[in-house]
Amino acid sequence: MLPVEMTVNGERRRGVVDARRTLADFLREECALTGTHLGCEHGVCGACTVLLDGEAVRACLIFAVQAGGAAVTTIEGLGGPDGALSPVQDAFREEHGLQCGFCTPGFVVSVTALLQENPKPSETEIREALSGNLCRCTGYQGIIGAVKRAAEGR
Amino acid sequence: MTTSTAGRFVGQSVKRREDPRLLTGHGRYVDDVVLPGMLHCTFVRSDVARGRIIRVDTEAAAALDGVTAVLTAADLNPHAGNMQPTLLLTTPGAPLRPLADGDVRFVGEPIVLIVASSRYVAEDAADLVEVEIDSDPAVIDVEHALDDGVPIVHPELGTNLGAEMVFPISPELEAVLAGDNVVRRIFRQHRHTPVPMETRGVVVEYEPSVGELHAWMSTQNPHEAKQAMSRVTGVPAHLVRVEGHDVGGGFGQKFFTPREEMTVALAARRLGRTLKWIEDRRENLIASNHARADVAECTFALDGDGRLLGTYIDHIEDAGAFPVGATGGAGALVGLLFTGPYKCALASLRTRSVWTNTCGRGAYRGPWMFETVAREQMVDAAARAMGMDPLDWRRRNVIPTAELPYTLPTGLPLDMVSPSETLEQAAEIIGYDAFRSEQRRLFAEEGRLVGIGLGLYVEPSTGMMDPMGTETAVVRVNPNGQVTVALGTGAHGQGIETTMAQVVAEELGIDYEDVTIVQGDSAVTAYGRGTGGSGTAVIAGNSCRNACAVVRAKAIEIAAHLMEAAPDDLEIADAQIAVRGTPTRSVAWTEVARIAHLETARLPEGMEVGLEATATFKAPPFSWSNACHACTVEIDRATGVVSILRYVVSEDCGVMINPMIVEGQVAGGVVQGIGGTLYEHFVYDDDGNPLTTTFMDYLLPTTTEVPTIEYGHVETPSPTPGGHKGMGEGGAIGSPPAIFNAVADALALVGATIDRTPLTPDTILGAITTDA
């Protein structure tokens, strides 16, 4: 068992965990932040995407101890404290970019990272940037629309 | 027949009520449920498709720290009640058991259930279980599963034939099948699987002191799950409660109650402990129900002008070993619907459902959709054989709206559909004629292979069998006027909390924000059909309407009494009950609600206190919806890769409750069809070993493969009160043949043909090399 400490959504979190405990399980179980979802646990579907020091990573492929000292942002940390939606979250709602909602946290986090890096992506850039996230409900139509809307600041 | 019927809420693209919680990470899926003392489960599964279990050694696993129980068939099976996943389908189906006992029948069959303090420990323990199996030859190829000398998947049944339906060939049909223009083709559709992004899962709490079993489950159908768990565990149904809050997709896979969920419930009951099982992705791919695996020999008899005279389809569906829901079950509809939206006087069929040593078949978005796949691919083959353009063939054969109602040659009554209109609309939007010219030019001048394909279908949504056609709504007006509606549905992405609130607000004349939908909980809703089979808009929607009618009438009666007016003169609008034409004479909806509960002396004499109603809607056997899909593709001649250039859907789901949600459902279905036709393929080797057990091997479409989908809408109201029709499945029904036909159309330029999916680059290159 190893001690670990990190900042999650601005709050300091400490724990003592197995070396093999994934960051996703640490967030979901130790931090009770269940918005980070596990869709495949082998790094393909992207549902567990979180920001690690600002960079989008797959929380199922990182051990909690590897995130020691880092700042982690999960889906719960993106909106306002009063429940207000972030511009990306709001764009997903406006464009019907989600149905069952299971893949949605990973997409919203990935899109947030994309727009920080490239505020005005072309459609091709949007499609390439999101090709590592799987959605089974929407056919991606509303998701791509949502990224365009968020980028345009509508 | 085209009308527009948007109301204040119904017909509007109201933003979804579900979204804020799901977008901020505050949904509640089954894996988010954490209970005191909860233990974690995992299964040890067979890695042999067919064989005899020689030895199961659980000693080392049981000795591991943190392990509570290691359960085998001997521990659980003798205590299991009826394991049939549903009593809805009357065929008894495969002899299902909680854990494999004596033999194994597919790779992935559960043999041991581990219960431990964490999932990590449970999986460690699973690694310590030693299972020795003597392999026997397995039945993998469904087309030879009925041959003499082939092993029997279920020895208890003595045959690999699970079900069969035969319509004898009449002398009239026999005569046309011997005519001059007979086209015969065999089409094969490969095995794929629904793949909801949330795998299956269940948390079961059994409290021995009170004898209650409470389950949280990723399910489309909490009431079915409640009944199934009661049957298996022996806990009386009134002491079983099943909740499914947010459900991360299902597409049919979560409609019935699968074996693992029943087994975990049984274990919880036996151990008196709270158990959680969350399926991992490998399990979901190898052991949650598969779908599609079909083959059919199809025959069209035509006159000299290409008019369809008669059809025959000989269909086999691969049911796997333990289908979820009796046999595969879809085959009968494949046969009955084979002629679809075309005029045809004579038809006959044989469909067989056949057991194999593979993962069981189950519902997947249009479980019988092979009727459309086989027919629409046949249409293009027949048109080509007759030297006709496939669009012209369809125009000549489609049932004209003026000839409705039309009785299909199998006896099904078709009405209130618009296949002809959607065909024309799709052809117009995609620019069919212009594409044909461009196709010839591109091929002649640049050697490029582009093609266009159509998929036209009619879908008999709603239930032909009890209880699939029935839903009950409880509409309860609170003393402050706000309304809570309870439905037996199990939403998993459809936005039912939004659409049903739109219907109720419209019917009661109150604000949408003042209506809340409660669903996904067997304890607080009336027995219902769940969510599946494209049934919610028609069935749940009209149960809401029926209950609202009772509530509205009572509210008006109260208002009439208060205002000393005649009920017939009153109407409800904007939450005011007013004398028609004299809006100043009114009483507020909230005031009526308050008086109904809190000032009951002011109610009409003898009137029951309160303001609520429970009402049921029983749908007619068929509420047909229809659509036409049209797409264009380009084939890279060097690599065999298919790219979709444009994709158009013209659909008729009657009156839309929420157009945004309708288009979202269509898009999701279409992209599943794209995945299913081009990329997704669940592969077994000859011994029944699964080869596609991760998302690196089982390929789902991503943002880089899907086109922008274009929509056209035709509105032919159904004869049910709201005029709605089912539309959840259709996107996945029309798309596979549209894509197949477009690829076949492109390949025809070089004389190449295809007869099976998936249309992988290898298949395409093979076709070009072999045929061209």
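Which hand, left-handed or right-handed, does the crossing of H2(A) and H3(A) have?

## Helix pair in chain A

The crossing of H2(A) and H3(A) is right-handed. This is a predicted model. Helix H2 of chain A covers residues 87-94 and helix H3 of chain A covers residues 104-117; they pack at an angle of about 125°, and their axes are 9 Å apart.

From H2(A), the residues A:Val88, A:Gln89 and A:Phe92 meet A:Thr104, A:Val108, A:Val111, A:Thr112 and A:Leu115 of H3(A). Sorted by class, this contact has 5 nonpolar and 3 polar residues, with no charged residues.

## Nonpolar cores

The largest nonpolar core has 283 residues, of which B:Ile114, B:Ala215, B:Val485, B:Val504 and B:Val743 touch the most other members. Helix H15 of chain B (residues 536-563) gives the most to this core, 12 residues.

Leaving out residues up to four places away in sequence, the contacts of B:Val485 include B:Ala473, B:Val474, B:Val475, B:Met500 and B:Val504. B:Val485 also touches B:Val515, B:Ile517, B:Val518 and B:Cys544.

## Contact between the chains

Chain B puts 42 residues into the contact and chain A puts in 45 residues. On the side of chain B that touches chain A, helix H1 (19-23) and helix H17 (659-679) are the elements that give two or more residues. H17(B) has the largest share of that side, 6 residues. By class, the side of chain B that touches chain A has 18 nonpolar, 15 polar and 9 charged residues.

Notes
Residues are numbered from 1 along each chain as its sequence is written. Chains are lettered from A and ligands numbered from 1 in the order in which they are written. This is a predicted model: local features need pLDDT of at least 70, side-chain atom pairs count only at pLDDT 80 or more; totals for chains, interfaces and linings use all residues. A nonpolar core is a set of buried Ala, Val, Leu, Ile, Met, Phe, Trp, Tyr and Cys residues joined through C-beta atoms within 7 Å. A residue is buried if 20 or more other C-beta atoms lie within 10 Å of its own, exposed if 12 or fewer, and partly exposed in between; C-beta atoms are placed from the backbone. Helices (H or I, at least four residues) and strands (E, at least two) are DSSP runs, numbered from the N terminus. Two residues are in contact if their C-beta atoms, placed from the backbone, lie within 7 Å. Ala, Val, Leu, Ile, Met, Phe, Trp, Tyr, Cys and Pro count as nonpolar, Asp, Glu, Lys and Arg as charged, and the others, Gly among them, as polar. Axes are lines fitted to C-alpha atoms, for helices over the stretch in contact, and angles run from 0 to 180 degrees between N-to-C directions. A crossing is left-handed if the near helix is turned anticlockwise from the far one by less than a right angle, and right-handed if clockwise.
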